[in-house]
Amino acid sequence: MFLYCLDSLTSSLYPMCIPQSSMMFLPPMDTRMQLRPTSCPAPWIGNTEAENLQTQFCLKKEVLESFKSCLSPEKEIYIEHYVSGWRGLVKLLNSLGSLFGFISKDAVSKTQILMNFLKSENGPHYATVQSMVKFELDNKLVDVDKKGIYPESGCRTLLRLHRALRWLQLFLERLRTSKEDDKTSVMCRDAYNESLAQHHTWLIRKSAGMAFYGLPVRPAFFEVMNVGTPEQVVDVLGKAVPLLYEVYQITEELYQKHNLLDLP
């Protein structure tokens with residue numbers, strides 16, 4: 001069975017081939033569906049306790065606040081805050097169990113590549129998405145025409161996260177407007193078909209569709225977001241999702257302008 005992850009396909013989320021025999025090492029589905037949410041770690045928590053809570057998720061703190069800080073007054077996208085927002089999204093994926101572990105693992109890899117650029121001697125050029133694009137294009141550090149010379153360029157790395165961000169934004173918007181008995185598998189599938197599916201082969205699309213059937217129900221999603229009642233979750237999603245879309249749209253227009261949307 002193929003489970004797809006963020007760098008398994010050169011044009012988007014890549015497939016990871018898992019031998020059927022290895023599936024026995026995945027936790028039982030009922031175990032994977034058990035979500036154990038906790039509140040956001042408080043700043044006064046000690047080091048040991050904080051480490052124990054580091055993989056837990058808080059929608060308001062780790063997604064809403066990060067993406068709120070992502071945009072400058074001039075609508076430039078700060079890569080540091082973009083990465084921080086993605087780390088929050090990774091925690092959300094991880095909290096849903098091993099079903100999304102293959103996705104989140106590669107998202108971590110992609111965000112680390114961007115942070116390495118940010119901490120390098122060329123770091124100032126990677127402060128924003130806009131400055132990164134200009135720097136890499138001016139210095140011919142992007143594989144615009146063919147693959148292989150700069151497979152981990154900042155532009156290519158961010159493009160993979162960019163495509164996945166669209167999928168998550170569409171999915172979270174459907175969660176926000178859904179009813180309690182609506183199926184999350186359908187919401188996630190529809191969001192996928194509107195975004196990432198266009199970059200995948202038929203086999204990967206079918207495998208992804210099968211994986212969506214293992215998603216927990218809507219109330220479980222709302223519980224793991226750790227912001228209170230369903231009404232409060234909807235309220236926070238109503239603030240976070242438009243931010244995700246704005247960041248996505250700014251990046252989309254920038255990449256379209258420089259013909260970067262189809263990087264190999």
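Let's start with a crossing: the axes of α7 and helix α8 (residues 184-194) come within 8 Å of each other and cross at roughly 145°. Here axes are lines fitted to C-alpha atoms, for helices over the stretch in contact, and angles run from 0 to 180 degrees between N-to-C directions. Helices are DSSP runs (H or I, at least four residues), numbered from the N terminus. On the α7 side, the contact (heavy atoms within 4.5 Å) is made by W167, L170, F171, R174 and L175, and on the α8 side by T184, M187, C188, D190, A191, Y192 and E194. Sorted by class, that gives eight nonpolar, one polar and three charged residues. Nonpolar covers Ala, Val, Leu, Ile, Met, Phe, Trp, Tyr, Cys and Pro; charged covers Asp, Glu, Lys and Arg; the others, Gly among them, are polar.

All of this comes from a predicted model, where local features need pLDDT of at least 70, side-chain atom pairs count only at pLDDT 80 or more, and totals for chains, interfaces and linings use all residues. Residues are numbered from 1 along each chain as its sequence is written, and side-chain values use heavy atoms, with hydrogens and water left out.

## A closer look at α7

Helix α7 has 24 residues (154-177), and at 1.5 Å a residue it should span 34 Å; that expected span is 1.5 Å times one less than the number of residues. Its end C-alpha atoms are 34 Å apart, which agrees.

Of those 24 residues, 19 are buried, so α7 is largely enclosed by the rest of the structure. Buried means under 20% relative accessible area (1.4 Å probe, protein chains only).

## Aromatic pairs

A search of the whole structure turns up five aromatic pairs. Rings of Phe, Tyr and Trp (its six-membered ring) pair if their centres lie within 6.5 Å; planes under 30 degrees apart count as stacked, over 60 as edge-to-face and the rest as tilted. F67 and Y82 make an edge-to-face pair, 6.2 Å centre to centre with 75° between the planes. F67 sits in helix α3 (residues 59-68) and Y82 in helix α4 (residues 79-95), so the pair ties together parts 15 residues apart in sequence. F67 counts as buried at 0% relative accessibility, and Y82 counts as buried at 0% too.

F171, from the α7 contact, pairs with F221: the ring centres are 5.4 Å apart and the planes at 80°, so this pair is edge-to-face. It links distant parts of the chain, with F171 in α7 and F221 in helix α10 (residues 218-224), 50 residues apart. F171 is buried at 5% relative accessibility, and F221 is buried at 1%. Elsewhere, F117, Y126 and F135 form one aromatic cluster.

Terms used: Helix = DSSP H or I, 4+ residues; strand = E, 2+ residues; numbered from the N terminus. Buried < 20%, exposed > 50% of the residue type's maximum accessible area, 1.4 Å probe, protein only.
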